[in-house]
Amino acid sequence: MEKRPLAKNMTSENDENNYILTEDGKFPSHDDFNSQLDGFDTTENQRIEPSGSRNIEQQLQHLSGTVVKDVRFMRLVVFMIIINSVMMGIATFDFVTDDPDVNQAFESVDFAFLIFFTIELGLQFIHRGLSLFSNRWLTFDFIVVAFSWMSASFMILRTLRIFRVLRLVTRVRVLNEIVAALINTIPKLIAIAAVLFLIFYVYAVMLTLFFKDMYEEGLTSYDYFSRLDKTFLTLFQLMTLDSWSTVTKEVMEVYPWSWVVFVSFVTLSSFTVVNLIIAVICDAIQDLHRGDFESTLEAVISQSKTEEGERNTESSLCSHTDVNCVEKKVNDLSNVVEQILSNQKEMQLMLEDIMKAQNARNVTSQNR
């Protein structure tokens, strides 16, 4: 029988799939197919493999992700932020500002910290790409680092580098959660601030109309109520309870009934609205803790369900084993029953023999 020659592209004219046949006329295996392609031009219909640059990019992305997610690296970043913040505080002392050499040393160290933070942010960008800006905390880090580079070029902005310490909020979980809770309370705080502004405005107009001319007449030591803006400032001072009794007593020397106005304002603003703000913030923190508790509870429930599923699996296996055991016991009981029946038959035969013997004796005794 004549062998078929090994064809590079030996195909049938009507064959749409262009199968490549081996010498024995069979379809080739994967290894045979690859061996046939060796040495031939496969540029047409060739699968496009990832380029080397693509592989390098993926490796860099994976490597940077491994670094930025490492707990030790995270702790190092937090430690560097703390040290940098402490050094910026020390740099405000006279022994640093008055000595050009020491000041230059501090500036050099601060620049080294900035380079470190830039490299850390660069690793984050390599790992996440443009999705970095979808994370609000990493976006905040980017703004702080970019602003630090801007402040390095402009002397007037260099004092604002202390904002780098705010990066601790993005790194320390407790601070992160508290800030997130405060952000969630913004709608409620805006509503409370609107109510507080209405209270301020009503009392500001009223006090300005009542006590506008007291300073011009020399009845008060300071100009508290001559204009609406000054009245607003005085009311803010009263809300913070800063020397509110001094202002009240000065006005009461002229208008004894004025204590009603001041006491009502302090009660509404300081004791009611401010405490309401504190209550909203505390409620947000409580919600945060409740969320942590619920997540922990869900984890426990999930774990218990998993354990229950494992127990059910073991139970099903045990039940299957129990069936085998029951079948074995049934067989054993059947053998025992058969043995009992056999013994019963033997006993019955023995009783019949005894009865026959007894009847024979009775017959013999009657004949005598």
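How many residues does helix α9 have, and how far does the helix reach from its first C-alpha to its last? Helix α9 (residues 186–211) has 26 residues and reaches 36 Å, close to the 38 Å expected at 1.5 Å a residue. The expected span of a helix is 1.5 Å times one less than its number of residues. The structure is a predicted model, in which local features need pLDDT of at least 70 and side-chain atom pairs count only at pLDDT 80 or more, while totals for chains, interfaces and linings use all residues. Residues are numbered from 1 along each chain as its sequence is written, and side-chain values use heavy atoms, with hydrogens and water left out.

**Overall architecture**

- The protein has 12 helices and zero strands; helices (H or I, at least four residues) and strands (E, at least two) are DSSP runs, numbered from the N terminus.
- Of the 368 residues in the protein, 22% are buried. Buried means under 20% relative accessible area, exposed means over 50%, and partly exposed lies in between (1.4 Å probe, protein chains only).
- The protein exposes about 26,800 Å², and carbon and sulfur atoms supply 62% of this area. Accessible areas come from the Shrake-Rupley method with a 1.4 Å probe; for residues, only the protein chains shown count as cover.
- Among contacts (heavy atoms within 4.5 Å) between residues at least 6 apart in sequence, 61% join residues at least 24 apart.

- Helix α5 (residues 100–128) has 29 residues and spans 42 Å from its first C-alpha to its last, close to the expected 42 Å.
- The buried residues of α5 include Phe 106, Asp 110, Phe 113, Leu 121 and His 127.
- At the start of α5, a side-chain oxygen of Asp 99 comes to within 3.1 Å of the backbone nitrogen of Asp 101.
- After α5 comes Gly 129, whose phi is positive, near 70 degrees.
- In α9, the buried residues include Ile 192, Leu 196, Phe 200, Tyr 203 and Phe 211.

**Aromatic pairs**

- A pair of aromatic rings is described by the distance of the centres and the angle of the planes.
- Rings of Phe, Tyr and Trp (its six-membered ring) pair if their centres lie within 6.5 Å; planes under 30 degrees apart count as stacked, over 60 as edge-to-face and the rest as tilted.
- A search of the whole structure finds 21 aromatic pairs. In one of them, the ring centres of Phe 73 and Phe 116 are 6.5 Å apart and the planes lie at 45 degrees, so the pair is tilted.
- Phe 73 belongs to helix α3 (residues 71–90) and Phe 116 to helix α5, so this pair ties together parts that are 43 residues apart in sequence.
- Phe 73 is buried at 15% relative accessibility, and Phe 116 is buried with a relative accessible area of 18%.
- Phe 116 also forms an edge-to-face pair with Phe 117, with 5.8 Å centre to centre and 65 degrees between the planes.
- Elsewhere, ring pairs link Phe 210, Phe 211, Tyr 222, Tyr 224, Phe 225, Tyr 255, Trp 257 and Phe 262 into a cluster.

**Salt bridges**

- Side chains of opposite charge can pair when their charged atoms come close.
- A salt bridge is a side-chain nitrogen of Lys or Arg within 4 Å of a carboxyl oxygen of Asp or Glu; by this rule the count is four.
- Asp 70 and Arg 72 form a salt bridge, with the closest N and O atoms 3.1 Å apart. Asp 70 is partly exposed at 24%, whereas Arg 72 is exposed at 65%.
- Lys 230 and Asp 223 meet in a salt bridge at 2.7 Å, N to O. Lys 230 is partly exposed at 27%, and Asp 223 is partly exposed at 23%.
- Asp 229 and Arg 227 meet in a salt bridge at 2.9 Å, N to O.

**Individual residues**

- Asp 141 lies in helix α6 (residues 136–153) and is buried, with a relative accessible area of 1%. Not counting residues up to four places away in sequence, Asp 141 touches Leu 121, Arg 167, Thr 170 and Arg 171.
- Leu 241 lies in the loop between α10 (228–239) and α11 (244–252). Although Leu 241 is not a glycine, its phi is positive, at about 65 degrees.
- Ser 243 lies in the loop between α10 and α11, and its phi is near 55 degrees, a positive value in a residue other than glycine.

Conventions. Polar contact = N/O pair within 3.5 Å; in protein donor to acceptor, adjacent residues only side chain to side chain.
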